[in-house]
Amino acid sequence: MKLDQPIPVTILTGFLGAGKSTLLNELLESESFADTAVIINEFGDISIDHDLVRVNKREMMVTTTGCLCCTVASDIRTSLFELYDAVESKAVPPFKRVIVETTGLADPAPIINQVTPGGLPAAGFRDHVVARCFRLSGVVCAIDVTTIEESMERHFECMKQVAFADFIVLTKTDVGPEPAERRPISELVQQIRKINAAAPIVDRHGAEFEFATAFAPRGYVPSEQGADVEGWLALEQALAEQGQAHDNGAGASRHAAAGIQTLALLEDRPVSARNLATFVKLLNAVAGSQLLRLKGLVGLEDDPDRPLVVHGVQHAIHQYRLPAWPSDDRRTRMVVITHGIDEATVKNLFTTITGLSTRAKAELVLTAAGLSLLGVALVAGILLIFHGRATAPFEPSAVIHDVPNPKG
Ligand SMILES: Nc1nc2c(ncn2[C@@H]2O[C@H](COP(=O)(O)OP(=O)(O)OP(=O)(O)O)[C@@H](O)[C@H]2O)c(=O)[nH]1
(Lines give C-alpha, C1' and ligand atoms only; values in the text may rest on other atoms or scores of the structure.)
Protein backbone atom coordinates (compact mmCIF):
# COMPACT_ATOMS: atom_id res chain seq x y z
CA MET A 1 0.00 0.00 0.00
CA LYS A 2 1.59 3.29 -1.09
CA LEU A 3 0.77 5.95 1.44
CA ASP A 4 1.41 9.67 1.75
CA GLN A 5 0.45 9.38 5.38
CA PRO A 6 -0.62 6.59 7.70
CA ILE A 7 -4.35 5.78 7.66
CA PRO A 8 -6.26 7.08 10.69
CA VAL A 9 -7.76 4.44 12.98
CA THR A 10 -10.59 5.32 15.36
CA ILE A 11 -11.51 2.92 18.14
CA LEU A 12 -15.19 2.83 19.09
CA THR A 13 -15.75 1.56 22.61
CA GLY A 14 -18.67 1.52 25.01
CA PHE A 15 -20.17 -1.05 27.36
CA LEU A 16 -22.47 -3.90 26.23
CA GLY A 17 -25.46 -2.54 24.35
CA ALA A 18 -24.34 1.09 24.63
CA GLY A 19 -25.17 1.73 20.97
CA LYS A 20 -21.83 1.25 19.19
CA SER A 21 -23.25 -0.67 16.19
CA THR A 22 -26.15 1.77 15.95
CA LEU A 23 -23.71 4.68 15.75
CA LEU A 24 -21.58 2.83 13.23
CA ASN A 25 -24.55 2.06 11.00
CA GLU A 26 -25.66 5.66 10.96
CA LEU A 27 -22.12 6.83 10.25
CA LEU A 28 -21.71 4.41 7.34
CA GLU A 29 -24.84 5.78 5.70
CA SER A 30 -23.15 9.16 5.35
CA GLU A 31 -21.48 9.94 2.04
CA SER A 32 -18.62 11.65 3.83
CA PHE A 33 -17.67 8.35 5.44
CA ALA A 34 -17.43 6.43 2.19
CA ASP A 35 -14.10 4.60 1.89
CA THR A 36 -14.19 3.49 5.52
CA ALA A 37 -12.92 0.07 6.52
CA VAL A 38 -14.59 -1.42 9.57
CA ILE A 39 -13.26 -3.97 12.03
CA ILE A 40 -15.98 -5.46 14.20
CA ASN A 41 -14.87 -7.41 17.20
CA GLU A 42 -17.55 -9.64 18.65
CA PHE A 43 -17.50 -11.46 21.96
CA GLY A 44 -18.67 -15.01 21.40
CA ASP A 45 -18.41 -17.83 18.94
CA ILE A 46 -21.00 -16.59 16.48
CA SER A 47 -21.13 -13.21 14.90
CA ILE A 48 -24.38 -11.26 14.75
CA ASP A 49 -23.13 -7.71 14.32
CA HIS A 50 -21.46 -8.81 11.11
CA ASP A 51 -24.96 -9.23 9.67
CA LEU A 52 -26.46 -6.22 11.38
CA VAL A 53 -23.86 -3.61 10.46
CA ARG A 54 -24.28 -2.63 6.85
CA VAL A 55 -21.33 -1.64 4.78
CA ASN A 56 -21.64 -0.34 1.25
CA LYS A 57 -19.72 -1.58 -1.74
CA ARG A 58 -16.88 0.84 -1.22
CA GLU A 59 -16.42 -0.11 2.38
CA MET A 60 -14.89 -3.18 3.85
CA MET A 61 -15.51 -5.15 6.97
CA VAL A 62 -13.37 -7.60 8.92
CA THR A 63 -15.07 -9.44 11.76
CA THR A 64 -13.22 -11.03 14.63
CA THR A 65 -14.71 -13.21 17.34
CA GLY A 66 -12.95 -13.47 20.66
CA CYS A 67 -12.30 -10.23 22.48
CA LEU A 68 -9.51 -8.07 21.01
CA CYS A 69 -8.38 -7.17 24.50
CA CYS A 70 -7.58 -10.72 25.54
CA THR A 71 -7.24 -12.99 22.54
CA VAL A 72 -3.79 -13.00 21.09
CA ALA A 73 -5.05 -14.70 17.91
CA SER A 74 -7.40 -11.85 17.07
CA ASP A 75 -5.40 -8.85 18.17
CA ILE A 76 -5.87 -5.51 16.52
CA ARG A 77 -2.59 -5.67 14.65
CA THR A 78 -3.68 -8.88 12.93
CA SER A 79 -6.97 -7.28 11.84
CA LEU A 80 -5.23 -4.15 10.54
CA PHE A 81 -2.70 -6.27 8.68
CA GLU A 82 -5.58 -8.22 7.07
CA LEU A 83 -6.97 -4.94 5.78
CA TYR A 84 -3.57 -3.90 4.45
CA ASP A 85 -3.15 -7.29 2.79
CA ALA A 86 -6.60 -7.12 1.17
CA VAL A 87 -5.71 -3.80 -0.44
CA GLU A 88 -2.27 -5.05 -1.49
CA SER A 89 -3.78 -8.07 -3.19
CA LYS A 90 -6.42 -5.83 -4.80
CA ALA A 91 -9.19 -7.79 -3.12
CA VAL A 92 -10.63 -4.46 -1.98
CA PRO A 93 -10.09 -0.86 -3.08
CA PRO A 94 -7.97 1.42 -0.89
CA PHE A 95 -9.76 3.04 2.02
CA LYS A 96 -9.24 6.34 3.83
CA ARG A 97 -9.95 5.46 7.43
CA VAL A 98 -10.55 2.52 9.75
CA ILE A 99 -13.08 2.26 12.54
CA VAL A 100 -12.67 -0.56 15.05
CA GLU A 101 -15.78 -1.46 17.04
CA THR A 102 -14.62 -3.31 20.13
CA THR A 103 -16.71 -5.68 22.21
CA GLY A 104 -18.72 -4.12 24.99
CA LEU A 105 -16.50 -5.84 27.54
CA ALA A 106 -13.20 -4.83 26.01
CA ASP A 107 -10.53 -3.33 28.21
CA PRO A 108 -9.15 -0.55 25.98
CA ALA A 109 -5.65 -0.64 27.50
CA PRO A 110 -4.23 -3.70 25.67
CA ILE A 111 -5.83 -2.59 22.40
CA ILE A 112 -4.45 0.92 22.57
CA ASN A 113 -1.10 -0.39 23.74
CA GLN A 114 -0.77 -2.21 20.41
CA VAL A 115 -1.40 0.79 18.20
CA THR A 116 0.12 3.71 20.03
CA PRO A 117 3.72 4.87 19.56
CA GLY A 118 5.74 3.82 22.57
CA GLY A 119 3.38 0.90 23.22
CA LEU A 120 4.02 -2.78 22.56
CA PRO A 121 7.17 -2.97 20.38
CA ALA A 122 6.86 -4.28 16.83
CA ALA A 123 7.89 -7.94 16.76
CA GLY A 124 7.97 -8.77 13.08
CA PHE A 125 7.02 -7.83 9.53
CA ARG A 126 3.29 -7.64 10.32
CA ASP A 127 3.80 -5.24 13.23
CA HIS A 128 6.17 -3.01 11.25
CA VAL A 129 3.68 -2.77 8.39
CA VAL A 130 0.91 -1.84 10.82
CA ALA A 131 3.07 0.78 12.53
CA ARG A 132 3.98 2.31 9.16
CA CYS A 133 0.53 2.22 7.55
CA PHE A 134 -1.85 3.05 10.39
CA ARG A 135 -2.04 5.57 13.22
CA LEU A 136 -4.38 5.74 16.19
CA SER A 137 -6.42 8.87 15.69
CA GLY A 138 -9.20 8.76 18.23
CA VAL A 139 -11.02 6.73 20.86
CA VAL A 140 -14.77 7.34 20.86
CA CYS A 141 -16.82 5.94 23.75
CA ALA A 142 -20.59 5.45 23.52
CA ILE A 143 -22.23 5.85 26.92
CA ASP A 144 -25.77 4.56 27.49
CA VAL A 145 -27.20 7.10 29.94
CA THR A 146 -29.80 4.62 31.13
CA THR A 147 -27.31 2.00 32.36
CA ILE A 148 -23.90 3.67 32.73
CA GLU A 149 -23.98 4.12 36.49
CA GLU A 150 -24.70 0.46 37.19
CA SER A 151 -22.27 -0.69 34.50
CA MET A 152 -19.39 1.43 35.87
CA GLU A 153 -20.09 0.26 39.39
CA ARG A 154 -20.10 -3.41 38.44
CA HIS A 155 -17.57 -3.60 35.61
CA PHE A 156 -14.13 -2.06 35.78
CA GLU A 157 -13.74 -2.32 31.97
CA CYS A 158 -16.62 0.08 31.60
CA MET A 159 -14.88 2.70 33.71
CA LYS A 160 -11.66 2.25 31.73
CA GLN A 161 -13.56 2.71 28.47
CA VAL A 162 -14.79 6.07 29.75
CA ALA A 163 -11.32 7.08 30.98
CA PHE A 164 -9.53 6.23 27.73
CA ALA A 165 -11.98 8.08 25.45
CA ASP A 166 -11.00 11.29 23.72
CA PHE A 167 -14.61 11.79 22.62
CA ILE A 168 -17.74 10.70 24.48
CA VAL A 169 -21.15 10.22 22.88
CA LEU A 170 -24.16 10.00 25.20
CA THR A 171 -26.72 7.57 23.76
CA LYS A 172 -30.35 6.76 24.64
CA THR A 173 -31.00 10.31 25.81
CA ASP A 174 -34.16 9.97 23.73
CA VAL A 175 -35.55 7.13 25.85
CA GLY A 176 -38.67 8.43 27.63
CA PRO A 177 -38.75 10.50 30.80
CA GLU A 178 -36.06 9.75 33.34
CA PRO A 179 -37.25 7.53 36.18
CA ALA A 180 -37.09 9.29 39.55
CA GLU A 181 -34.31 6.98 40.79
CA ARG A 182 -32.06 7.76 37.84
CA ARG A 183 -29.65 10.67 38.01
CA PRO A 184 -30.36 13.66 35.75
CA ILE A 185 -28.02 13.78 32.77
CA SER A 186 -26.26 16.92 34.05
CA GLU A 187 -25.24 15.01 37.21
CA LEU A 188 -24.19 12.02 35.12
CA VAL A 189 -21.92 14.29 33.11
CA GLN A 190 -20.33 15.56 36.34
CA GLN A 191 -19.71 11.98 37.39
CA ILE A 192 -18.15 11.17 34.00
CA ARG A 193 -15.96 14.26 34.34
CA LYS A 194 -14.40 12.79 37.50
CA ILE A 195 -13.17 9.88 35.38
CA ASN A 196 -12.44 11.76 32.18
CA ALA A 197 -11.70 15.45 32.62
CA ALA A 198 -10.99 16.43 29.04
CA ALA A 199 -12.97 14.54 26.39
CA PRO A 200 -15.84 16.42 24.75
CA ILE A 201 -19.15 14.91 25.90
CA VAL A 202 -21.86 15.23 23.28
CA ASP A 203 -25.48 14.07 23.28
CA ARG A 204 -26.13 11.78 20.30
CA HIS A 205 -29.62 13.22 19.99
CA GLY A 206 -28.62 16.84 20.58
CA ALA A 207 -28.37 19.44 17.81
CA GLU A 208 -24.63 19.77 18.31
CA PHE A 209 -23.81 16.13 17.50
CA GLU A 210 -21.91 15.56 14.24
CA PHE A 211 -20.28 12.33 13.09
CA ALA A 212 -17.63 14.38 11.29
CA THR A 213 -16.50 15.87 14.61
CA ALA A 214 -16.80 12.74 16.75
CA PHE A 215 -14.83 10.64 14.26
CA ALA A 216 -12.47 13.35 12.99
CA PRO A 217 -8.85 12.13 12.92
CA ARG A 218 -7.01 13.52 15.93
CA GLY A 219 -3.67 12.80 17.48
CA TYR A 220 -4.41 10.45 20.38
CA VAL A 221 -1.98 11.27 23.17
CA PRO A 222 -2.33 8.90 26.15
CA SER A 223 -0.54 11.32 28.50
CA GLU A 224 -3.31 13.87 27.88
CA GLN A 225 -5.90 11.38 29.09
CA GLY A 226 -4.77 11.66 32.71
CA ALA A 227 -2.58 9.81 35.18
CA ASP A 228 -4.81 6.74 35.44
CA VAL A 229 -4.67 6.10 31.72
CA GLU A 230 -0.88 6.45 31.66
CA GLY A 231 -0.64 4.09 34.64
CA TRP A 232 -2.90 1.47 33.07
CA LEU A 233 -0.91 1.60 29.84
CA ALA A 234 2.36 1.24 31.74
CA LEU A 235 0.94 -1.78 33.54
CA GLU A 236 -0.25 -3.22 30.24
CA GLN A 237 3.20 -2.76 28.79
CA ALA A 238 4.82 -4.53 31.73
CA LEU A 239 2.36 -7.44 31.48
CA ALA A 240 2.83 -7.70 27.72
CA GLU A 241 6.60 -7.79 28.16
CA GLN A 242 6.19 -10.64 30.60
CA GLY A 243 3.96 -12.29 28.00
CA GLN A 244 1.08 -12.75 30.37
CA ALA A 245 -1.33 -10.02 29.42
CA HIS A 246 -4.92 -11.19 29.73
CA ASP A 247 -4.74 -14.75 28.53
CA ASN A 248 -4.38 -17.06 31.46
CA GLY A 249 -2.54 -19.76 29.59
CA ALA A 250 -5.47 -22.15 29.66
CA GLY A 251 -7.03 -20.27 26.79
CA ALA A 252 -9.80 -18.72 28.86
CA SER A 253 -10.04 -14.96 28.79
CA ARG A 254 -9.98 -12.67 31.79
CA HIS A 255 -13.72 -12.11 31.23
CA ALA A 256 -14.31 -15.77 31.98
CA ALA A 257 -12.12 -15.46 35.04
CA ALA A 258 -14.37 -12.62 36.19
CA GLY A 259 -17.42 -14.88 35.90
CA ILE A 260 -18.64 -13.53 32.56
CA GLN A 261 -20.12 -16.19 30.32
CA THR A 262 -20.87 -15.80 26.66
CA LEU A 263 -23.09 -18.41 25.17
CA ALA A 264 -23.93 -18.89 21.51
CA LEU A 265 -27.28 -20.54 20.89
CA LEU A 266 -28.28 -21.92 17.50
CA GLU A 267 -31.43 -23.47 16.10
CA ASP A 268 -31.91 -24.60 12.50
CA ARG A 269 -35.71 -24.61 12.33
CA PRO A 270 -37.94 -21.54 12.63
CA VAL A 271 -39.25 -21.14 16.18
CA SER A 272 -42.67 -20.20 17.49
CA ALA A 273 -43.21 -16.64 18.66
CA ARG A 274 -44.73 -17.94 21.87
CA ASN A 275 -41.70 -20.10 22.66
CA LEU A 276 -39.38 -17.18 21.98
CA ALA A 277 -41.39 -14.95 24.31
CA THR A 278 -41.26 -17.64 26.99
CA PHE A 279 -37.49 -17.97 26.62
CA VAL A 280 -36.96 -14.22 26.99
CA LYS A 281 -39.26 -14.05 30.01
CA LEU A 282 -37.60 -17.03 31.69
CA LEU A 283 -34.14 -15.68 31.05
CA ASN A 284 -35.08 -12.34 32.54
CA ALA A 285 -36.68 -14.02 35.53
CA VAL A 286 -33.80 -16.39 36.24
CA ALA A 287 -30.86 -14.12 35.46
CA GLY A 288 -32.24 -10.74 36.57
CA SER A 289 -29.45 -8.20 36.73
CA GLN A 290 -26.93 -10.95 35.91
CA LEU A 291 -28.17 -10.89 32.33
CA LEU A 292 -25.84 -8.35 30.69
CA ARG A 293 -26.75 -8.72 27.04
CA LEU A 294 -28.98 -10.72 24.74
CA LYS A 295 -28.62 -10.31 21.02
CA GLY A 296 -30.24 -12.44 18.37
CA LEU A 297 -31.50 -12.98 14.87
CA VAL A 298 -34.53 -15.24 15.06
CA GLY A 299 -36.44 -17.07 12.33
CA LEU A 300 -40.11 -17.16 13.36
CA GLU A 301 -42.62 -19.76 12.20
CA ASP A 302 -45.23 -17.16 11.26
CA ASP A 303 -42.94 -15.42 8.76
CA PRO A 304 -39.62 -17.25 8.42
CA ASP A 305 -38.38 -15.02 5.60
CA ARG A 306 -38.32 -11.90 7.77
CA PRO A 307 -36.14 -12.54 10.81
CA LEU A 308 -36.71 -10.86 14.12
CA VAL A 309 -33.81 -8.92 15.63
CA VAL A 310 -33.89 -9.03 19.43
CA HIS A 311 -31.77 -6.78 21.62
CA GLY A 312 -31.73 -7.11 25.38
CA VAL A 313 -29.65 -4.60 27.31
CA GLN A 314 -29.98 -5.35 30.99
CA HIS A 315 -33.76 -5.13 31.62
CA ALA A 316 -34.78 -3.46 28.36
CA ILE A 317 -35.82 -5.62 25.41
CA HIS A 318 -36.02 -4.07 21.97
CA GLN A 319 -36.96 -5.90 18.78
CA TYR A 320 -37.88 -5.39 15.17
CA ARG A 321 -38.04 -7.39 11.98
CA LEU A 322 -35.77 -7.25 8.97
CA PRO A 323 -37.37 -7.39 5.51
CA ALA A 324 -35.11 -10.37 4.64
CA TRP A 325 -32.25 -12.42 6.07
CA PRO A 326 -29.05 -10.37 5.80
CA SER A 327 -26.99 -13.38 4.66
CA ASP A 328 -27.40 -16.99 3.51
CA ASP A 329 -27.22 -18.13 7.11
CA ARG A 330 -30.91 -18.47 8.07
CA ARG A 331 -30.39 -20.12 11.42
CA THR A 332 -31.72 -18.60 14.60
CA ARG A 333 -28.67 -17.23 16.37
CA MET A 334 -28.50 -15.78 19.84
CA VAL A 335 -25.66 -14.55 21.99
CA VAL A 336 -26.34 -14.37 25.71
CA ILE A 337 -23.80 -12.68 27.98
CA THR A 338 -24.29 -13.22 31.70
CA HIS A 339 -22.38 -12.58 34.89
CA GLY A 340 -22.18 -15.44 37.34
CA ILE A 341 -24.82 -17.66 35.67
CA ASP A 342 -24.08 -21.25 34.84
CA GLU A 343 -23.91 -21.98 31.10
CA ALA A 344 -26.12 -25.06 31.48
CA THR A 345 -28.90 -22.94 32.94
CA VAL A 346 -29.12 -20.75 29.86
CA LYS A 347 -28.90 -23.79 27.59
CA ASN A 348 -31.75 -25.45 29.50
CA LEU A 349 -33.85 -22.34 29.13
CA PHE A 350 -33.16 -22.32 25.42
CA THR A 351 -34.97 -25.63 25.17
CA THR A 352 -38.13 -23.53 25.47
CA ILE A 353 -37.35 -22.27 21.99
CA THR A 354 -36.77 -25.64 20.47
CA GLY A 355 -39.85 -27.21 22.05
CA LEU A 356 -40.22 -28.73 25.48
CA SER A 357 -40.86 -32.25 26.59
CA THR A 358 -42.64 -32.70 29.94
CA ARG A 359 -39.40 -33.98 31.37
CA ALA A 360 -37.48 -30.91 30.11
CA LYS A 361 -40.12 -28.67 31.69
CA ALA A 362 -39.62 -30.40 35.03
CA GLU A 363 -35.83 -30.06 34.76
CA LEU A 364 -36.21 -26.39 33.92
CA VAL A 365 -38.33 -25.77 36.98
CA LEU A 366 -35.73 -27.50 39.16
CA THR A 367 -32.93 -25.48 37.58
CA ALA A 368 -34.72 -22.26 38.37
CA ALA A 369 -35.54 -23.35 41.90
CA GLY A 370 -31.92 -24.20 42.63
CA LEU A 371 -30.73 -20.85 41.35
CA SER A 372 -32.85 -18.31 43.04
CA LEU A 373 -33.50 -17.41 46.61
CA LEU A 374 -37.01 -16.66 45.47
CA GLY A 375 -37.17 -20.07 43.89
CA VAL A 376 -40.72 -20.79 44.90
CA ALA A 377 -42.05 -17.54 43.43
CA LEU A 378 -40.03 -18.12 40.32
CA VAL A 379 -41.30 -21.65 39.89
CA ALA A 380 -44.85 -20.33 40.25
CA GLY A 381 -44.08 -17.69 37.60
CA ILE A 382 -42.66 -20.28 35.25
CA LEU A 383 -45.65 -22.54 35.70
CA LEU A 384 -47.94 -19.61 34.94
CA ILE A 385 -45.95 -18.93 31.77
CA PHE A 386 -46.27 -22.57 30.73
CA HIS A 387 -49.99 -22.39 31.25
CA GLY A 388 -50.21 -19.18 29.29
CA ARG A 389 -51.66 -17.23 32.22
CA ALA A 390 -48.89 -14.72 32.72
CA THR A 391 -49.22 -11.41 30.94
CA ALA A 392 -46.64 -11.18 28.20
CA PRO A 393 -44.23 -8.25 28.54
CA PHE A 394 -42.63 -9.30 25.26
CA GLU A 395 -44.48 -10.09 22.09
CA PRO A 396 -42.46 -10.53 18.90
CA SER A 397 -42.74 -7.40 16.84
CA ALA A 398 -44.48 -7.02 13.52
CA VAL A 399 -42.62 -3.77 12.85
CA ILE A 400 -40.22 -3.96 9.93
CA HIS A 401 -37.10 -1.85 9.66
CA ASP A 402 -34.81 -2.19 6.72
CA VAL A 403 -32.13 -0.28 8.58
CA PRO A 404 -30.40 -2.48 11.14
CA ASN A 405 -30.43 -1.14 14.68
CA PRO A 406 -33.01 1.60 14.29
CA LYS A 407 -33.19 4.08 17.11
CA GLY A 408 -35.91 3.86 19.70
N1 LIG B 1 -33.69 4.69 21.99
C2 LIG B 1 -32.44 4.44 21.65
N3 LIG B 1 -32.03 3.18 21.45
C4 LIG B 1 -30.74 2.98 21.08
C5 LIG B 1 -29.83 4.05 20.92
N6 LIG B 1 -28.62 3.53 20.58
C7 LIG B 1 -28.79 2.19 20.53
N8 LIG B 1 -30.07 1.86 20.84
C9 LIG B 1 -30.64 0.49 20.93
O10 LIG B 1 -29.90 -0.24 21.92
C11 LIG B 1 -29.76 -1.59 21.55
C12 LIG B 1 -28.27 -1.96 21.50
O13 LIG B 1 -27.66 -1.18 20.47
P14 LIG B 1 -26.33 -1.65 19.72
O15 LIG B 1 -25.98 -0.56 18.78
O16 LIG B 1 -26.48 -3.02 19.19
O17 LIG B 1 -25.32 -1.67 20.94
P18 LIG B 1 -23.79 -2.16 20.93
O19 LIG B 1 -23.04 -1.25 21.82
O20 LIG B 1 -23.30 -2.28 19.53
O21 LIG B 1 -23.96 -3.59 21.57
P22 LIG B 1 -22.80 -4.71 21.80
O23 LIG B 1 -21.92 -4.68 20.60
O24 LIG B 1 -23.54 -5.99 21.94
O25 LIG B 1 -22.09 -4.34 23.03
C26 LIG B 1 -30.46 -1.75 20.20
O27 LIG B 1 -31.77 -2.20 20.45
C28 LIG B 1 -30.47 -0.32 19.65
O29 LIG B 1 -31.52 -0.08 18.74
C30 LIG B 1 -30.29 5.39 21.16
O31 LIG B 1 -29.56 6.39 21.09
N32 LIG B 1 -31.61 5.52 21.52
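In which helix is Met159 found? Met159 is found in helix H7, where helices (H or I, at least four residues) and strands (E, at least two) are DSSP runs numbered from the N terminus. The model is a predicted one, in which local features need pLDDT of at least 70 and side-chain atom pairs count only at pLDDT 80 or more, while totals for chains, interfaces and linings use all residues. Residues are numbered from 1 along each chain as its sequence is written, and side-chain values use heavy atoms, with hydrogens and water left out.

At 24% relative accessibility, Met159 counts as partly exposed, a class that lies between buried (under 20% relative accessible area) and exposed (over 50%), as judged with a 1.4 Å probe and protein chains only. If residues up to four places away in sequence are not counted, Met159 touches Met152, Ile195 and Trp232, a contact being heavy atoms within 4.5 Å. Ala256, which is 97 residues from Met159 along the chain, has its C-alpha atom 19 Å from that of Met159.

The protein as a whole contains 15 helices and 12 strands, and buried residues make up 53% of its 408 residues. Of the contacts with a separation of 6 or more, 76% are between residues 24 or more positions apart. The protein exposes about 17900 Å², and carbon and sulfur atoms supply 53% of that area, as given by the Shrake-Rupley method with a 1.4 Å probe, where for residues only the protein chains shown count as cover.

In soluble globular proteins, nonpolar side chains tend to be buried together. In this model the largest nonpolar core has 33 residues, of which Ile11, Leu80, Phe95, Val98, Ile112, Phe134 and Phe164 touch the most other members; such a core is a set of buried Ala, Val, Leu, Ile, Met, Phe, Trp, Tyr and Cys residues joined through side-chain atoms within 4.5 Å. Helix H3 (residues 76-88) gives the largest share of this core, seven residues. Apart from it lies another core, of 30 residues, which includes Leu16, Ile46, Ile143 and Leu188.

Helix H3 also holds Arg77, and this arginine is buried because its relative accessible area is 6%. Beyond the residues up to four places away in sequence, Arg77 touches Gln114, Leu120, Pro121, Ala122, Arg126, Asp127 and Val130.

Rolling a probe the size of a water molecule over the atoms shows where empty space is left. The structure holds two cavities of 30 Å³ or more, where a cavity is a set of points, on a 1 Å grid over the protein atoms alone, at which a 1.4 Å probe fits but cannot get out, and lining residues have an atom within 4 Å of a point. Grid points are joined across faces, edges and corners, and a volume is the space filled by probe spheres set on the points.

About 50 Å³ of space lies in the largest cavity, which is lined by Phe15, Leu16, Gly17, Ala18, Ala142, Asp144, Thr147, Ile148 and Ser151. Strand S5 (134-144) and helix H6 (148-154) are the elements that give two or more residues to this lining. By class, the lining of the largest cavity has five nonpolar, three polar and one charged residues, where Ala, Val, Leu, Ile, Met, Phe, Trp, Tyr, Cys and Pro count as nonpolar, Asp, Glu, Lys and Arg as charged, and the others, Gly among them, as polar.

The second largest cavity has a volume of about 30 Å³, and its lining is formed by Gln261, Leu263, Val336, Thr338, Glu343 and Val346. Two or more of these residues come from each of strand S8 (260-267), strand S12 (332-339) and helix H13 (343-354).

Thr338 is also one of the residues that Gly259 touches, together with His339 and Gly340, when residues up to four places away in sequence are not counted. Gly259 has its place in the loop between helix H11 (254-257) and S8, and at 23% relative accessibility this glycine counts as partly exposed. Gly259 and Ile341 are 82 residues apart in sequence and 7.9 Å apart in space, C-alpha to C-alpha.

Most residues other than glycine have a negative phi, and most peptide bonds are trans. Asp35, in the loop between helix H1 (20-29) and strand S2 (36-42), has a positive phi of about 65 degrees although it is not a glycine. Lys172, in the loop between strand S6 (167-171) and helix H8 (185-195), likewise has a positive phi of about 65 degrees without being a glycine, and Lys172 is partly exposed, with a relative accessible area of 23%.

Key:
On a 1 Å grid over the protein atoms alone, a cavity is a set of points where a 1.4 Å probe fits but cannot get out, and a pocket is an open set with protein on both sides within 12 Å along at least five of seven lines; lining residues have an atom within 4 Å of a point.
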